[in-house]
Every structure is written in C-alpha cells, then in structure tokens.
Amino acid sequence: MDQAKELLEMPREFVKDGRQFLTRCSKPDRREFLRISQAVGTGFLIMGVIGYIVKLIHIPVNNILVGGA
C-alpha cells in the first residue's frame, strides 16, 4: 500500500515541479536573444576553425604514416 502511494506521488511531484519551472521561465527579450545567438554563432565558428585546423594537420601526418601510395 505504501509503495502504491509512492508510485502515485512521483508523477504529481513531477507535474508540480514542471509547473513551477514554467511559471518562473520567461521569454528572452530581443537584446537577450541576440546575445545568446551571437554566443552560439561564435561557438560554432570557433569549433569549425578548430576542426579545420585539426583536419589540416591530420591529412599530411596520415600520409606520412601510411606512406602516401
């Protein structure tokens, strides 16, 4: 009986926590949205440059190791 109450209580707590989360959240204003977009774009750019540099280094090293048939 006690386990059944616990199993029924878990979804109720989940829904309660979800409602609290949604009431505390707010849509970002234009300025905040632009700052987040810039941060994400900068992150993509940096990761792309790092990936390009790694690939640039990997190709010649791989050719040296494999023997460049």
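**Reading the model**

Reply: UniProt, in an unreviewed entry, places the feature "transmembrane region" at residues 33-54; its positions are given in the numbering used here, feature names are shortened, and annotations may be inferred rather than shown by experiment. The model itself is predicted: local features need pLDDT of at least 70, side-chain atom pairs count only at pLDDT 80 or more, and totals for chains, interfaces and linings use all residues. Residues are numbered from 1 along each chain as its sequence is written, and side-chain values use heavy atoms, with hydrogens and water left out.

Me: How much of the span at residues 33-54 is helix, and how much is strand?

Reply: Helices (H or I, at least four residues) and strands (E, at least two) are DSSP runs, numbered from the N terminus. Residues 33-54 are 100% helix and 0% strand, and their end C-alpha atoms lie 32 Å apart. The protein as a whole has 2 helices and 0 strands.

Me: What radius of gyration does the protein have, beside that of a compact globule of 69 residues?

Reply: The radius of gyration is taken over C-alpha atoms, and the globule rule is 2.2 Å times the number of residues to the power 0.38. The rule gives a value near 11 Å, but the protein has 25 Å. Along its principal axes the C-alpha trace spans about 70 × 45 × 10 Å.

Me: What share of the 69 residues is buried?

Reply: Buried means under 20% relative accessible area, exposed over 50%, and partly exposed in between (1.4 Å probe, protein chains only). Buried residues make up 0% of the 69 residues. Helix 1 is hardly covered, with a count of 0 buried residues. In helix 1 lies Lys 5, which is exposed at a relative accessible area of 54%. Asp 29, in the loop between helix 1 and helix 2, is partly exposed at 44%.

Me: Which side chains meet in a salt bridge?

Reply: A salt bridge is a side-chain nitrogen of Lys or Arg within 4 Å of a carboxyl oxygen of Asp or Glu. By this rule the count comes to 1: Glu 9 and Arg 12 meet at 3.9 Å, N to O. An α-helix has 3.6 residues a turn, so residues three or four places apart point the same way. Glu 9 and Arg 12 are 3 residues apart in helix 1 and therefore separated by about one helical turn. Glu 9 is partly exposed at 34%, whereas Arg 12 is exposed at 54%.

Me: Which residues make the nonpolar surface patch?

Reply: Patches are made of residues with over 30% relative accessible area and no salt bridge; like charges are joined within 9 Å, nonpolar side chains (Val, Leu, Ile, Met, Phe, Trp, Tyr) within 5 Å. Accessible areas come from the Shrake-Rupley method with a 1.4 Å probe; for residues, only the protein chains shown count as cover. Here Leu 45, Val 49, Tyr 52, Ile 53, Leu 56, Ile 57, Val 61, Leu 65 and Val 66 make a patch of about 950 Å². Among them, Leu 65 lies in helix 2 (residues 30-66) and is exposed, with a relative accessible area of 69%.
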